[in-house]
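The stops below concern charged pairs.

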Amino acid sequence: MCRARRTKMALPDCLETDWALVCHFVPGEADYWEGVRARLIDKDERPDWKFKRVEDVGLGLVDSLLRLPPGQRRLGAGAADGAGGSRL
């Protein structure tokens, strides 16, 4: 994810960002499960995405996916958590 964003994040901070994405996608993001269906289950390679083009995805949605859902714990690995150390 960090490479896709073209930022110079420390690895622990990058892992925190990826963790936030996982917390959104795995529990209920329909497009995640549609991708699993198309690639792994039916193997038809024809997912029916919610957004047909990248340009159709709003920046507000992207921003919300990069933040942890309410009540979800952080990994505690990043410098941004103020813990001063890593649990990795």
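Start with Arg 74, which is partly exposed at 35% relative accessibility (buried means under 20% relative accessible area, exposed over 50%, partly exposed in between, with a 1.4 Å probe and protein chains only). The model is predicted: local features need pLDDT of at least 70, side-chain atom pairs count only at pLDDT 80 or more, and totals for chains, interfaces and linings use all residues. Residues are numbered from 1 along each chain as its sequence is written, and side-chain values use heavy atoms, with hydrogens and water left out.

Glu 16 and Arg 74 form a salt bridge, with the closest N and O atoms 4.0 Å apart (a salt bridge is a side-chain nitrogen of Lys or Arg within 4 Å of a carboxyl oxygen of Asp or Glu). This pair links distant parts of the chain, 58 residues apart: Glu 16 lies in helix H2 (residues 11–28), and Arg 74 in the segment after helix H4 (59–65). Helices here are DSSP runs of H or I with at least four residues, numbered from the N terminus. Glu 16 is buried, at 7% relative accessibility.

Now select Arg 37. Then turn to Asp 44, where the closest N and O atoms of the salt bridge with Arg 37 are 2.9 Å apart. Asp 42 is partly exposed at 46% relative accessibility, and Asp 44 is partly exposed at 31%.

Finally, display every salt bridge; the count comes to eight.

Definitions and conventions. Helices (H or I, at least four residues) and strands (E, at least two) are DSSP runs, numbered from the N terminus.
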